[in-house]
Structure formats: C-alpha cells, structure tokens
Amino acid sequence: MTLVAVIIAIVATLFAMTYVTRRRFGVLGLALCAGYLISEMWTAQVTPFIRGAGFELLSPPLSSLVAAGLVLAPAVLLLFSGPTYTKRLQRLIGAGIFALLATSFLLGPLGMALNLDPTVDDTAFSIYTFLSDNTTLIITAGIIYALYDVLTMRTPRR
C-alpha cells in the first residue's frame, strides 16, 4: 500500500501546486519534457557530485531522488512565472493533466526507489503495472495537449 500512498501524495501535491498558481499546462508540460530529458542525460553525473558533497541516502536510493528532482525542476521553476488560466474549469483540467503527466515521467525513479513485489502488495503492483504499461500513451497525449495549449495562448493586449 505504500506505493499507492506515494503515488496519491505525488499526484495531489502536483495538482495542488499547479491549481493554486493558476499556471497554464502547456508551458508546464513542455517543461516536464525538458526535465525528463535533462534527467536522462545528467542523473549519472549529478548523483556522484551530490554524494561527494556529503549527502547520502540508503532508502530511497539517491539516484532516484536526483532523477525525480531533475524531472520536476524546470516545471517547478515555471510555477512562479508564466501564463495563467482565468477560468476554474481550465485550471482543473490543466492541473489534473499536469499531475498525471508528471507522475508518468516519475514512474522510472519511483520504480527504482520502491520495492515492487507482487506477493507483498498486489494492488500497488497492479496500479504501477497499469501506469507503466500506458505511460507511452499518457506522455504522448500530454505532449500533444501541451502543444495545443501553447498554440492557443493569447497574449493580453495592453
């Protein structure tokens, strides 16, 4: 049940941060894509640097936290500035899709960090398996919607 609780906590936190700041999904979704690419390229180099600075973890592995941090860093930075939604329904949809897309990008680090044993927790394993089996579809749909959201943005006239 720990995996289910971790996934719910991640989704709820990401949803709340995005909903409260009213940021548009398009910019944040593309920032998640950039963060994922940065994470894939730099996790192996950044982890020893952080370990050398005296920061060590046994559980979860430090490399998992570094990978997750690199995925989320660009989007979290953009939560403080950028285009916003004005309508509540747009905010709800954008925040929900952002949370789902970010969770899909974090499945790799989550899988490394948590013990996924189907004999211990069948429900958590089935949820993780469902998400990881559909992650390509979720990420593709999220990127397409992010591009659509960016293309439909209008800059306010002053």
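This is a predicted model: local features need pLDDT of at least 70, side-chain atom pairs count only at pLDDT 80 or more; totals for chains, interfaces and linings use all residues.
A crossing of two helices is called right-handed if the near helix is turned clockwise from the far one by less than a right angle, and left-handed if the near helix is turned anticlockwise.

Two packed helices are described by the angle between their axes and the distance between the axes. We begin with helix H3, residues 62-78, and helix H4, residues 88-113, whose axes come within 8 Å and cross at roughly 165°. Because an angle over 145 degrees counts as roughly antiparallel, H3 is roughly antiparallel to H4. Sorted by class, the residues where H3 touches H4 are twelve nonpolar and two polar, with no charged ones.

H4 also packs against helix H2, residues 25-52, and here the angle is about 5° while the axes lie 10 Å apart. Since angles under 35 degrees count as roughly parallel, H2 is roughly parallel to H4. From H2 the contact draws on Phe25, Leu28, Gly29, Leu32, Cys33 and Tyr36, and from H4 on Gly94, Ile97, Phe98, Leu101, Ala102 and Phe105. This contact of H2 with H4 has ten nonpolar and two polar residues, and again no charged residue takes part.

H2 has a further partner in helix H6, residues 135-151, with the two axes 7 Å apart and at an angle of about 135°. H2 and H6 are therefore oblique to each other, and H2 passes H6 in a left-handed crossing. The residues of H2 that take part are Phe25, Gly26, Val27, Gly29, Leu30 and Cys33, which meet Gly142, Ile143, Tyr145, Ala146, Leu147, Asp149 and Val150 of H6. In this contact of H2 with H6 there are nine nonpolar residues, three polar residues and one charged residue.

Finally, we turn to the aromatic rings. Four aromatic pairs are found when the whole structure is searched, and one aromatic cluster is formed by Phe25, Tyr145 and Tyr148. Another ring, that of Tyr19, has Arg91 lying over its face, at 4.0 Å from the ring centre.

Notes. Residues are numbered from 1 along each chain as its sequence is written. Side-chain values use heavy atoms; hydrogens and water are left out. Axes are lines fitted to C-alpha atoms, for helices over the stretch in contact, and angles run from 0 to 180 degrees between N-to-C directions. Helices (H or I, at least four residues) and strands (E, at least two) are DSSP runs, numbered from the N terminus. Angles under 35 degrees count as roughly parallel, over 145 as roughly antiparallel, 65 to 115 as roughly perpendicular and the rest as oblique. Ala, Val, Leu, Ile, Met, Phe, Trp, Tyr, Cys and Pro count as nonpolar, Asp, Glu, Lys and Arg as charged, and the others, Gly among them, as polar. Contact means heavy atoms within 4.5 Å. Rings of Phe, Tyr and Trp (its six-membered ring) pair if their centres lie within 6.5 Å; planes under 30 degrees apart count as stacked, over 60 as edge-to-face and the rest as tilted. A charge sits over a ring if NZ of Lys or CZ of Arg is within 6 Å of the ring centre and within 35 degrees of the ring normal.
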